Amino acid sequence: NHEYRYLFKTEHLTLEDYRRFERFVYEDGMGRITPGNGHMSTNLTLAIICGSADDAAVKAAKHCRLHRDFRLGLDGWMDFHTNLVVLETGKIFTNMGGHGDRKHLSAILKVLKKRAAAA
């Protein structure tokens, strides 16, 4: 199993920005995968931290469904996960593959809020 995580930060996330980040992660990540004997799966995770986000960008991140089987799954597969943290609202959005990260991201946000309140 392999996992590649990509982290981006922007003040305001637009749909155009989201698509650009998604395309970069997909193309770079697919270039790192070597399907075949010994490869079971690869997770590509796009994580974005932004101050604010357009509704269209949030919707695109939540509904991302990129998946690829290699030789009908015999040579493994690739799943694409998305994580979006919007600091303005304190909300976390993920696609179905990224739900496992929600707990960790929530804990990080909680610590950041405590630090900000103490400062």
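Three aromatic pairs are found in a search of the whole structure, where rings of Phe, Tyr and Trp (its six-membered ring) pair if their centres lie within 6.5 Å, with planes under 30 degrees apart classed as stacked, over 60 as edge-to-face and the rest as tilted. The structure is a predicted model, in which local features need pLDDT of at least 70 and side-chain atom pairs count only at pLDDT 80 or more, while totals for chains, interfaces and linings use all residues. Residues are numbered from 1 along each chain as its sequence is written, and side-chain values use heavy atoms, with hydrogens and water left out.

Phe-8 and Phe-21 form a stacked pair, at 4.3 Å centre to centre and 15° between the planes. Because Phe-8 belongs to strand β1 (residues 2-13) and Phe-21 to helix α1 (residues 15-32), this pair ties together parts that are 13 residues apart in sequence; helices (H or I, at least four residues) and strands (E, at least two) are DSSP runs, numbered from the N terminus. Both Phe-8 and Phe-21 are buried, where buried means under 20% relative accessible area, exposed over 50% and partly exposed in between (1.4 Å probe, protein chains only).

The rings of Phe-8 and Phe-24 have centres 6.2 Å apart and planes at 90°, so this pair is edge-to-face. Phe-24 lies in helix α1, 16 residues from Phe-8 in strand β1. With a relative accessibility of 43%, Phe-24 is partly exposed. Ring pairs join Tyr-6, Phe-8, Phe-21 and Phe-24 into a cluster.

Thr-10 is likewise located in strand β1 and is buried, at 19% relative accessible area.
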